[in-house]
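We will go stop by stop.

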Amino acid sequence: MEPVFKNDPAVTARFAVIGHPVAHSKSPLIHNSAFRLLSLNAAYGLLDTDEAALPDTVKRMINEPYTGWNVTMPCKTRMSELCDEISVEARIARAVNTVSNRNGHLYGDTTDGKGFLFALATMGISVENEKLTLLGGGGAASAMLITSALAGAREIAVFCRSARSAERVQDVAARIAEASSCRITLHDMADTHDLKVQIADSIALANGTSAGMHPADEETPVPADCLAASCAVFDAVYNPLETRLLRGATAAGCPTANGLQMLVGQAAESFKIWTGLDMPTDLLPPLV
């Protein structure tokens, strides 16, 4: 794809994150910093909209026009239905977090999972032909599951806390099976012996649950004695930056990464889709 932008002061491109709430979003800081670093005449803002108002918001963004936008909760699923075309990952997830407006033709993708792969890469890890252990069955966990499977993971052991969560994983896994040979197995998070066995056999453990998120800082989804130094640990939580899970992982000698790396990685992937350029992630300002 050719870059959307030229270093021409007469060209202006507008972007935004839409959803509710969005006031707390770090996306404007990330993208506007990248635009400045690459001297691109573009701007990224916030548009607060709920699911009911989404169709009208999208029409307005097409008409104004916006070159692209990110989508956050609660609008990701509805946005996938409003796009003219979506990626394989977005189809499996039934969710879109990145939209490109191509002369009124909306192309939707999901970059959350690629943000996870970016976070793993900061620890020198590739999922290809490897086994992962994943905690959770919600949106973040599903994104990590889908992208890891499509990226060539050999096996993913998914631990869930409830029957409802397990049902969601089974539904997603059935769609993944149409596009990947990755073996996906379901497990009960209450079975700590099984959890320890699966972690010991994995290259990485990824927490996609909210356990440990502020204000429940002292919660952890994994007892410290289940961790193995041979297994890297990623936690999608970034408030606090170092969760109890990550503290335990550091003490056990595990490489670690938190949700900020995933946030930057998904933003970089959106940026690439829109501009054809690599985001200078190593030059971004501190996000906290």
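Predicted model: local features only at pLDDT ≥ 70, side-chain atom pairs only at ≥ 80, totals over all residues.

Residues are numbered from 1 along each chain as its sequence is written, and side-chain values use heavy atoms, with hydrogens and water left out.

**Stop 1: strand β8**

Select residues 155–160, strand β8. Helices (H or I, at least four residues) and strands (E, at least two) are DSSP runs, numbered from the N terminus. In β8, 6 of 6 residues are buried. Buried means under 20% relative accessible area, exposed over 50%, partly exposed in between (1.4 Å probe, protein chains only).

Now show the side chains. Glu155, Ala157 and Phe159 point one way, while Ile156, Val158 and Cys160 point the other way. In a regular strand, side chains alternate between the two faces of the sheet.

**Stop 2: the neighbours**

Select strand β7, residues 131–135. β7 pairs with β8 in the parallel sense, over 5 bridges. Two strands pair if DSSP finds at least two bridges between them. Find Leu132, which stands opposite Ile156 in β8. Next, follow the chain from β7 through helix α6 (residues 139–150) to β8: this β-α-β crossover is right-handed. That is, with the strands pointing away from the viewer, the path from the first strand over the helix to the second runs clockwise.

Then select β9, residues 183–188. β8 and β9 also pair in the parallel sense, over 6 bridges. Ala157 stands opposite Thr185 in β9.

**Stop 3: the cavity**

What lines the largest cavity? Select Phe116, Leu132, Thr133, Leu134, Met144, Ser148, Ile156 and Ala206. A cavity is a set of points on a 1 Å grid over the protein atoms alone where a 1.4 Å probe fits but cannot get out; lining residues have an atom within 4 Å of a point. The volume here is about 40 Å³, the space filled by probe spheres set on the points, which are joined across faces, edges and corners. β7 gives the most to the lining, with 3 residues.

**Stop 4: the cysteines**

How many disulfides are there? The count is 0; a disulfide is a pair of cysteine sulfur atoms within 2.5 Å.

Notes:
1 Å grid on protein atoms, 1.4 Å probe; cavity = no way out; pocket = protein on both sides within 12 Å on 5 of 7 lines; lining within 4 Å.
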